[in-house]
Structures are given as C-alpha cells and as structure tokens.
Amino acid sequence: MKDRIDLHIPAKAEYLHLVRLTLFGIASDIGYSFEQIEDMKVAIGEACNNVILHAYRDKEPGILKIQFGIDDQGLNIHIKDEGISFNYESMINKSTNVHEDSLSDISIGGLGIYMMQALMDEVEVRNYHGTEIILTKRLRGS
Amino acid sequence: MKVMRFNMDFQENNKEYVFFLSGELDLSVAPQLRLALEPIVNKTDKPMIINLKDLTYIDSTGIGIIISVLKLRREIKSSFVVREVPESIKRLFDLTGISGFLCDGTENPV
C-alpha cells in the first residue's frame with residue numbers, strides 16, 4: 001500500500017518548522033522511534049536549507065515542494081525546487097565532517113550534506129528543471 | 001499570539017558571559033543568533049559560555065555558528081565552553097565530529 005502526502009511552502013526559512021511538524025506527524029503515525037524521527041527532522045531540514053539558500057538565488061523566493069511517500073518499507077521524502085540546479089556531484093566531494101585538521105577549512109555546506117547522508121539510509125539527487133533530493137529511511141533494519 | 005520557537009537569554013556576571021539557547025535553532029533564527037553573539041565573541045576579559053540545556057533542535061547552520069565562535073575564540077586565546085548539551089544534540093555533535101573540539105568547562109570533552 002502506498003500513500004503520498006504533499007506539502008508546498010514558499011522557500012523561506014520561517015516555514016521550516018512546518019516541515020518538521022508535518023514530518024513528525026507522519027513519522028510517528030508510521031511508528032518510527034523518537035531517535036529516528038529526530039534524525040529525519042535534521043536531514044529534511046538540511047535538504048530544505050539547500051533549497052532556501054541556493055535554488056532561487058537572486059530571484060523571488062520560489063516554491064519548496066515536499067512529498068512524503070509512505071510504503072511498507074517506511075518513508076521516502078522528496079524535496080523539490082524549480083530553481084537553479086543543485087550541483088550534487090561537486091557538492092558531494094565537499095561532504096565533510098569536522099576532524100582535527102579541518103577545523104580551519106570546514107565547509108558548512110559540506111556539513112549539511114554529510115549530515116543528510118549520515119542520518120538517512122539513502123540520499124538520492126536528481127537534477128531536471130531544478131533539483132530533487134530523495135531521502136529514505138527504512139522503518140526496520142537501518 | 002506569536003509563538004517563539006527559539007529563545008536566547010544572555011547573562012553576565014563577574015565570572016563569565018553566558019548565552020542560554022532554548023527551543024529550535026534553525027536557518028530562520030541563525031542570523032539573529034549571530035548578531036547576538038557578535039559583541040561578546042571578541043571579549044577577552046571573561047570566558048564565553050553557551051548553555052544548551054533547553055535546546056531541542058539544531059541544524060548545520062547552528063553547528064556552523066558554534067564552529068565559527070570556536071575558531072574565533074581560539075584565535076584570540078579566550079575560553080569558550082558549551083554546557084549541558086542534551087543527548088539528542090550531543091549525538092549530532094558526535095556525528096559531525098565537533099564534540100572533540102568542545103569543552104564543557106570541567107576539562108572534559110562534551
């Protein structure tokens with residue numbers, strides 16, 4: 001059985017809390033643990049931050065579209081924009097955490113990508129008329 | 001009624017400067033946090049403390065601010081302490097590797 005729940009918000013930081021709230025509602029219904037939900041809230045926040053900060057640069061804030069896909073494996077979350085394509089390939093090389101040598105040149109954008117990857121089971125990025133980030137977390141066995 | 005999802009409380013005594021951060025620290029409030037920390041970050045007369053006991057959410061922008069403060073305080077050879085980190089926030093600090101750089105003031109790593 002598959003269901004989809006959509007949330008469309010302006011790509012503005014003031015609406016990020018609504019994304020977390022909706023995620024919380026859906027994920028608790030499905031039966032994720034508190035810790036899994038906390039992880040997903042951060043990961044979805046990072047994906048949305050990328051849209052808000054980069055997708056509509058120099059233009060009017062556009063739309064941030066979030067699709068929550070529910071199936072028997074768990075949740076897959078699609079975060080879409082219609083702005084400047086997010087060059088994932090170049091960013092993935094900057095995916096980074098903080099370790100002894102890097103405090104001086106830590107890339108904060110890289111930290112966000114790193115966190116998405118560490119907190120979710122899968123992170124997929126598609127570029128076409130904008131960017132789509134797909135975050136997946138399996139209910140069991142992650 | 002407008003709900004404040006994030007709050008900063010600044011206290012100063014003759015020992016230290018303390019910022020109590022509570023609620024959710026995300027992209028929407030990061031600029032206001034930076035603005036509030038700015039006048040204190042450069043002060044070398046007393047240690048600077050951030051107390052996170054009532055913080056319920058942080059993202060990479062918040063962690064980025066902590067890293068910036070850390071670097072700046074190191075440069076001016078002044079003390080920076082992060083206190084009472086909740087378990088869920090500590091998990092993120094551990095995950096990102098920032099834990100190794102933070103002290104809780106008792107000479108133990110966070």
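**Notebook: chain B, strands and crossovers**

I began with the strand pairing: β3(B) and strand β4 (residues 80–83) of chain B pair in the parallel sense over 4 bridges. I looked up one position in this pairing and found Val81(B) in β4(B) as the bridge partner of Ile49(B). Next I followed the chain from β3(B) to β4(B). It passes through helix α2 (residues 60–75) of chain B, and this β-α-β crossover is right-handed.

I then turned to the other pairing of β3(B). Strand β2 (residues 17–25) of chain B runs parallel to strand β3 (residues 48–58) of chain B, and 8 bridges join them. I traced the link between these strands too. Helix α1 (residues 30–41) of chain B carries the chain from β2(B) to β3(B) in a right-handed β-α-β crossover. I also checked Leu25(B), which stands opposite Ile58(B) in β3(B).

I listed the elements of chain B. I have 3 helices and 4 strands. Their order from the N terminus is β-β-α-β-α-β-α.

I noted that this is a predicted model, so I looked up the confidence. Chain B has a mean pLDDT of 92, and 94% of its residues reach 70 or more. The model scores are ipTM 0.90 and pTM 0.90.

Last, I looked at overall form. The radius of gyration of chain B is 13 Å, which agrees with the value near 13 Å for a compact globule of 110 residues. The C-alpha trace spans about 40 × 30 × 20 Å along its principal axes. I found 33% of the 110 residues of chain B counted as buried. For contacts in chain B between residues at least 6 apart in sequence, 64% join residues at least 24 apart.

Technical notes. Residues are numbered from 1 along each chain as its sequence is written. Chains are lettered from A and ligands numbered from 1 in the order in which they are written. This is a predicted model: local features need pLDDT of at least 70, side-chain atom pairs count only at pLDDT 80 or more; totals for chains, interfaces and linings use all residues. Two strands pair if DSSP finds at least two bridges between them. Helices (H or I, at least four residues) and strands (E, at least two) are DSSP runs, numbered from the N terminus. A crossover is right-handed if, with the strands pointing away from the viewer, the path from the first strand over the helix to the second runs clockwise. pLDDT is the predictor's confidence in each residue, from 0 to 100. The radius of gyration is taken over C-alpha atoms; the globule rule is 2.2 Å times the number of residues to the power 0.38. A residue is buried if 20 or more other C-beta atoms lie within 10 Å of its own, exposed if 12 or fewer, and partly exposed in between; C-beta atoms are placed from the backbone. Two residues are in contact if their C-beta atoms, placed from the backbone, lie within 7 Å.
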